[in-house]
Amino acid sequence: MADHYEVLGVARDATTDEIKKAYRRLARQLHPDVNPGADASERFKSVTHAYDVLSDAKQRQQYDRGGQGGGGFDNGQFGNFGDIFETFFGGGGGGSRGPRSRRERGQDALLRVELDLDEVIFGTHRDIEVDTAVVCGTCSGTCCQPGTAPVTCDICHGTGNIQRAVRSLLGNVMTSSPCGSCRGYGTIIATPCVTCQGQGRVRARRKVPIDIPAGVDTGLRLQMPGSGEAGPAGGPNGDLYLEMKVRHHDVFSRDGDDLLCTLDIPMTTAILGTTTTVAALDGDIEVQLRPGVQSGEILTIKDRGVTKLRGNGRGDLRIGVQVLTPTKLDHKERELIEAFAARHKVPAPSLSHFQQGLFAKLRDRFLG
Ligand SMILES: [Zn+2]
Ligand SMILES: [Zn+2]
């Protein structure tokens, strides 16, 4: 452990007043509100510890006698007792050595983004409006009126804690509790920023530009690190999560990266076959129907599905054929069909295994 006098930068015969002044000077540089670095926080702790010992006449005497890590009254033991006490009796809130910082990480935010299926195929760009907390423009997150700064709390001397000796079964132990005057921050903001009421952040609507990758599906959450709420007192931003919801499409549905749809064709087309053009989500597609194509046949158009979310390429477009039987025939048409049936030797209706799989799905959708 470093020498307490060296830590504070004072002579061994320094007066109490000199020690106090040295501590104040260092606390102003190293206090976590002013200097958020981890190094500064460690140094602040040792400076505060040194001050605790040297500002108390009795402890200083004992420290001087015991020297470096000798058998004397080392303040480290005090600290340990304090921690044990807190562990047993739940005081102080998590081993409250040192002041707590006003800076905290902002909260995460969750927004739902609705997309159309055609936006999912290739991905899309959106400017999302987020109602959130942003850093206060007046004080830049310092919480103080411009030109002012937090001052070290006189009651706890910037430690954020009040030490008390308490009699217990273990003997006299030191307990620390958060300073009531500064609420444990170690500093007091005498002139809070008017714009943000000393919070260091204000509510605002903010535009967040986002690139939504191709292939997202309903329920998927995109994480945008640092795009959430600004933290209090200039603390880092939380994250923004965007939950995807892909809107229902009247024609196309999705099976992973594949797109599904049904093509209704008249009975005569099914018999004679044809080449036809259909409008897919990403442009026209020429579809060839062979003569004699059956209801439930699947035409697979390669690489016309959704772009894969991870990796390359696209899924397929699968088109289920649905043959439509005419329901209303005039007299002449009925005669023609009857003549056809008489001439064409059709087998009698017969049972076969129930058709599972995609055709059943497509048919259900068609009927539903
Ligand atoms: Zn402000
Ligand atoms: Zn205080």
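These notes cover the cysteines of a predicted model.

1. The search of the whole structure returns zero disulfides. The points below therefore take up where individual cysteines sit, with a disulfide understood as a pair of cysteine sulfur atoms within 2.5 Å.

2. An unreviewed UniProt entry places the feature "binding site" at C153, C156, C179 and C182. These positions span 30 residues in sequence, but no two of their C-alpha atoms are more than 9.0 Å apart, so they gather at one spot.

3. C153. This residue lies in the loop between β3 (151-152) and β4 (161-168). Its relative accessibility is 1%, so C153 counts as buried, the limit being under 20%. Leaving aside neighbours within four places in sequence, C153 is in contact with G158, C179, S181, C182, G186, T187 and I188. Two of the annotated positions, C179 and C182, are in that list.

4. C182. The loop between β5 (171-178) and β6 (187-188) holds C182. With a relative accessible area of 3%, C182 is buried. Beyond four places in sequence, C182 is in contact with C153, C156, G160, T187 and I188.

5. C139 has 5% relative accessibility and counts as buried. C261, at 7% relative accessibility, counts as buried too.

Conventions
Residues are numbered from 1 along each chain as its sequence is written. Chains are lettered from A and ligands numbered from 1 in the order in which they are written. This is a predicted model: local features need pLDDT of at least 70, side-chain atom pairs count only at pLDDT 80 or more; totals for chains, interfaces and linings use all residues. Side-chain values use heavy atoms; hydrogens and water are left out. Buried means under 20% relative accessible area, exposed over 50%, partly exposed in between (1.4 Å probe, protein chains only). UniProt positions are given in the numbering used here, feature names are shortened, and annotations may be inferred rather than shown by experiment. Helices (H or I, at least four residues) and strands (E, at least two) are DSSP runs, numbered from the N terminus. Contact means heavy atoms within 4.5 Å.
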